[in-house]
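Subject: Handing over a structure

Hello,

I am passing on a structure for you to look through, and below it you will find what came out of a first reading. Please keep the sequence and the structure open while you read.

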Amino acid sequence: MATECPYGTCDGSGFVWHMPTEDRPTGYYTVCRCHADEVRRKRAERLLAEAGMSADSLEPYTFGRFKPEQADATAAGRRALAVIKERLQEYAQAPEGWLVLMGGVGSGKTHLAYAVVAERLARKRPTFYGSVPEVLDALRRGFDGNAGLAYDKRLATMQGVDLLVLDDLGTEHQTPWVAEKMFQLVNYRYTRRLPLIVTTNLVVTKGEGMDPRIRSRLLDRQLCEVLTFPAGDYRQRREAS
Ligand SMILES: [Zn+2]
């Protein structure tokens, strides 16, 4: 690399030359800290791209910017939102099991799902975020045969990534093919107990509009925790303030 070494320990090559000593009479090279930084930076960039996000798209959705006390909700609703935020902050440290974020449009569930993604990516952990309609669209395009390889790769990413976030589950137009793809994806992670966050407008416990096979997995208390967002408009109040 042609850049200067920020530590001043190498000549910009990424390698540090060590003069011969009694123990190592030939002298030797080690990798400089600046090289490790560069590797980490590239990896972080790649992770972000693979996550389907850009740094800009995530920037507004940190935990710090989520303020339950400003939500347009009752006092009890704001308290509930604060508890949910805390739970998600904890989950973002080390995701285990599944979370269902259940709430209406503007309830703040997508903001908090983003915040988890941002936190995981900041920790350089492979994470994938996808809105379900877009994910299915991408899979369908692959299925049409135009991008077979991309399809396999994307599906493999979603199946095996450290943390998968599926935004807006249940709004997708259900065809047998769509239902099957979603089920395969969810079931892959279910059988392996891989962390998953699902957001949905649907009332999962009522089971309306959701594939019963997926629903039964979301209701598995051994694995999955359902967080119900309080009624009210988190978004409206934030934008107004
Ligand atoms: Zn260096």
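The domain assignment of the protein chain gives domain 1 (1–43) and domain 2 (51–240), with bounds that come from an automatic or database domain assignment, and the centres of domain 1 and domain 2, taken over C-alpha atoms, are 42 Å apart. Please bear in mind that this is a predicted model, in which local features need pLDDT of at least 70 and side-chain atom pairs count only at pLDDT 80 or more, while totals for chains, interfaces and linings use all residues. Residues are numbered from 1 along each chain as its sequence is written.

The protein chain has 9 helices and 7 strands, where helices (H or I, at least four residues) and strands (E, at least two) are DSSP runs numbered from the N terminus. Its radius of gyration, taken over C-alpha atoms, is 22 Å, well over the 18 Å that the globule rule (2.2 Å times the number of residues to the power 0.38) gives for 241 residues, so the protein chain is more spread out than a compact globule. Along the principal axes, the C-alpha atoms of the protein chain fill a box of roughly 75 × 50 × 35 Å. Of the 241 residues, 33% count as buried; a residue is buried if 20 or more other C-beta atoms lie within 10 Å of its own, exposed if 12 or fewer, and partly exposed in between, with C-beta atoms placed from the backbone.

Turning to the sheet, 5 strands form an open sheet in the order E4-E5-E6-E3-E7, and the pairing is parallel. Its edge strands are E4 (127–131) and E7 (224–228), each of which pairs on one side only; two strands pair if DSSP finds at least two bridges between them. Neighbouring strands of this sheet are turned by 15° against each other on average, direction ignored, with axes that are lines fitted to C-alpha atoms (for helices over the stretch in contact) and angles that run from 0 to 180 degrees between N-to-C directions. E4 and E5 (residues 163–167) pair in the parallel sense over 5 bridges, and Tyr 129 stands opposite Val 165 in E5.

In the loop between E5 and H7 lies Asp 168, which has a positive phi of about 70° although it is not a glycine. Most residues other than glycine have a negative phi. Asp 168 counts as buried because it has 21 C-beta neighbours inside 10 Å.

The buried residues of H7 are Met 182, Leu 185, Val 186, Arg 189 and Tyr 190. Seen down the axis of H7, these buried residues fall within an arc of 135° (that of the directions from the helix axis to the C-beta atoms), so they line one face of the helix. On the other side of H7, the exposed residues include Pro 176, Trp 177 and Gln 184. Gln 184 counts as exposed because it has 12 C-beta neighbours inside 10 Å, and its C-alpha is 9.9 Å from that of Leu 155, although Gln 184 and Leu 155 are 29 residues apart in sequence.

Just after H7, Arg 193 takes a positive phi of about 60°. Arg 193 is found in the loop between H7 and E6 (196–200) and is exposed, with 12 other C-beta atoms within 10 Å.

Best wishes
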